[in-house]
Amino acid sequence: MAWDTTVTLGKGDVVSNESLANLLREERRFAPPADLAANANVTAEAYERAKADRLGFWAEQARRLTWAAEPTETLDWSNPPFAKWFADGKLNVAYNCVDRHVENGLGDRVAIHFEGEPGDTRSVTYAELQREVSKAAHALTELGVRTGDRVAIYLPMIPETVVAMLACARIGAPHSVVFGGFSADALATRIEDADARVVITADGGYRRGKPSALKPAVDEALTRPGTENVGNVLVVRRTGQEVAWAEGRDVWWHELVDRQPEQHTPEAFDAEHPLFILYTSGTTGKPKGILHTTGGYLTQVSYTHHAVFDLKPESDVYWCTADVGWVTGHSYIVYGPLSNGATQVLYEGTPDTPHQGRWWEIVQKYGVTILYTAPTAIRACMKWGDDIPAKFDLSSLRILGSVGEPINPEAWVWYRKHIGADKTPVVDTWWQTETGGMMISPLPGVTETKPGSAQIPLPGISATVIDDDANEVPDGSGGYLVLTEPWPSMLRTIWGDDQRYLDTYWSRFANRYFAGDGAKKDDDGDIWLLGRVDDVMLVSGHNISTTEVESALVSHPKVAEAAVVGATDPQTTQAICAFVILRGGAAEEDGLVEELRAHVSKHLGPIAKPKRILPVAELPKTRSGKIMRRLLRDVAENRTLGDVTTLTDSSVMELIQSKLPSAASED
Ligand code: WT7
């Protein structure tokens, strides 16, 4: 295996990587199942077609949608990087996601199987969804929301959330969904930045077996300066909790929406009309309002959902476990699946309530065929034990997807084996809030998959890996992941800040969108994501990716999860410090830390051997499941902790800190 052992990520070189070489052993490749390949929605020919005529390919995909005015132009790139896709086309997103299916005779098809955390259920057909969206659109209009006005949505995972988003889309009012786990402060900042006119919320939602309030955070947010333009708060009753009420401002959903007419005529908007703003926190500073527009966005999310999940809308039951507060929920719960007429599961709660088999019980109950989740959830399930999914009938599953962070090969293999009966393709999909839709992913009926690799750009997408001087790196080496051509669902700007859009994404390399991620190309040219370049460590002049050290640690049978950071070190610039969660059953016995250090050294080379390894019970994560390395660096460098407000559970950090002195291993 001629894996070139050096990776350039700016300064210096990463040392070798036997582990990747290992992972690329022939037997770790999985061919698509024959029946899936034979009936796949998209075949290898799509790559050829898109390569021969990229814009023609996207123009063809745009025909998946129903346009009120068909576009005659595909891409206007005359003022880069401000793209216009299908600019002279007109369409209504809600019509495409709902009404047209009803018109096609599919009104009785279930759009949403809702499963509440307490076990209450509700199935919403496309015909019902059409009525609900129509009524909600009238309700927003009655509240004075006009085309172009922004609406903030702060809701749990319930059908009304989908209805609210589609109602906004229907009247051309861009929504800004704020994740229900965010604080009043985070909500206020986002309301202010988008200058929202209405907030849609609920009394609360169910989480971890109990009602969790939402309305008080809205009440508090609306006392902050900058939120004065919010005229009304529309409140869904979900938990029945007591709520404070501002007369004249607050309106119950069931009082206002339920009395509206069930028919609503959708208006066609320009393809470049803003569809939504979604805030992403980035590393520092004020959150960035990522702006997505209408025609190009819907084209790409519809196409990728059809291609990557091979969706057969008449027979598949699709389930994406993300929260609608993240882009995954926007693109692959709401817009992609509904534009394709899918039947899907929407689950309100956490995977371990009331027991650690809840997800698998839901898969069995609804006969879920396509499951889309995140590596962090997969690793949590690994930690809970193989016996839990084994108790359920998961034989309906035919495709498994992953998104959100690099999936380590062990988790990938576990997912395929224990959830996918060792035969279901796993598609690791790389994309971002900014890209709007999937960009790099296997196609389940085409690609011979490799555990841990997102593999190649989807048809119509141009991505590559370059070095510091913007030269494309040869196969077998690494560098910065960049996108080299505009794509339909790309962000159009940062809301209200074109300069920041230019600076953040387009200034590091000329004419290239820099995604912020490091990546490697293997000898076949397949792409392996290495995590954010900000997370790359510099150890004795070598760049080492946190992802690779984590992956090496997790390949040890006793390790369920690992987080690695570089801590300032007088001798080596940075020293590798690892926090590990042991697998269910594994004890923190003497010598384990040494064993793990030796394990990493063997897999990645002595330079990548962690200086310290600390077994912990939990890792600090954002609510979207990303490890907060910044906080772990604070711990590793004995600093007071920075901002912990976006943590899922802030007590985690106290636990970790209290363990630090004794358990650390020093050379
Ligand atoms: C960042 C974007 C895409 C929706 C959820 C996250 C990381 C995402 C993968 C993957 C490796 C991945 C990247 C990316 N990421 N998917 N399959 N393999 N890394 O959206 O919050 O905007 O985060 O998540 O670092 O840049 P987001």
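Which residue has a backbone N or O atom 2.8 Å from a nitrogen atom of the ligand? That residue is Thr429.

## Basis of the model

The model is predicted, so local features need pLDDT of at least 70, side-chain atom pairs count only at pLDDT 80 or more, and totals for chains, interfaces and linings use all residues. Residues are numbered from 1 along each chain as its sequence is written, and side-chain values use heavy atoms, with hydrogens and water left out.

## Ligand site

The ligand is surrounded by 17 residues. The closest are Asp428, Thr429, Gln432, Thr433 and Arg532. By class, the shell holds six nonpolar, five polar and six charged residues. Here Ala, Val, Leu, Ile, Met, Phe, Trp, Tyr, Cys and Pro count as nonpolar, Asp, Glu, Lys and Arg as charged, and the others, Gly among them, as polar. Helix α12 (327–339) and strand β27 (527–532) each supply at least two residues of this shell. Helices (H or I, at least four residues) and strands (E, at least two) are DSSP runs, numbered from the N terminus.

For Asp428, the distance to a ligand nitrogen atom is 2.7 Å. For Gln432, the distance to a ligand oxygen atom is 2.9 Å. On its own the ligand has 550 Å² of accessible area, and the protein covers 89% of it. Accessible areas come from the Shrake-Rupley method with a 1.4 Å probe; for residues, only the protein chains shown count as cover.

## Aromatic pairs

A pair of aromatic rings is described by the distance of the centres and the angle of the planes. Rings of Phe, Tyr and Trp (its six-membered ring) pair if their centres lie within 6.5 Å; planes under 30 degrees apart count as stacked, over 60 as edge-to-face and the rest as tilted. A search of the whole structure finds 30 such pairs. In one of them, the rings of Trp58 and Tyr303 have centres 5.8 Å apart and planes at 85°, so the pair is edge-to-face. This pair links distant parts of the chain: Trp58 is in helix α4 (residues 54–62) and Tyr303 in helix α11 (residues 295–308), 245 residues apart. Trp58 is buried at 0% relative accessibility, and Tyr303 is buried at 3%. Buried means under 20% relative accessible area, exposed over 50%, partly exposed in between (1.4 Å probe, protein chains only).

Tyr501 and Trp506 also pair edge-to-face, because their ring centres are 6.4 Å apart and their planes are at 70°. Both residues are buried. They belong to one aromatic cluster, together with Trp77, Phe82, Trp487, Tyr505 and Tyr513.

## Charges over rings

Two arginines lie over ring faces. Arg237 is over Trp252, at 5.3 Å from the ring centre. Arg508 is over Tyr480, at 5.2 Å from the ring centre. The criterion asks that NZ of Lys or CZ of Arg be within 6 Å of the ring centre and within 35 degrees of the ring normal.

Strand β26 (residues 513–521) contains Lys521. Lys521 is buried, at 8% relative accessibility. Its side chain reaches the backbone oxygen of Val473 at 3.1 Å. A polar contact is a pair of N or O atoms within 3.5 Å; within protein, one must be able to donate a hydrogen and the other to accept it, and residues adjacent in sequence count only if both atoms are side-chain atoms.

Helix α13 (residues 358–366) has Arg358, Trp359, Trp360, Ile362, Val363 and Tyr366 as its buried residues. Gly367 follows α13, with a positive phi near 65°.

## Backbone exceptions

Cis peptide bonds join Pro80 to Pro81 and Thr353 to Pro354. Omega is about 0° for the Pro80–Pro81 bond and for the Thr353–Pro354 bond. Pro81 is in the loop between β3 (75–76) and β4 (84–85). Pro354 is in the loop between β19 (343–347) and α13.

Asp195 has a positive phi near 50° and is not a glycine. It sits in the loop between α8 (184–194) and β10 (198–202) and is partly exposed at 21%. Arg208, also not a glycine, has a positive phi of about 55°. Arg208 is in the loop between β11 (204–207) and β12 (210–213), partly exposed at 49%.

Notes
A residue is near a molecule or strand if one of its heavy atoms lies within 4 Å of it.
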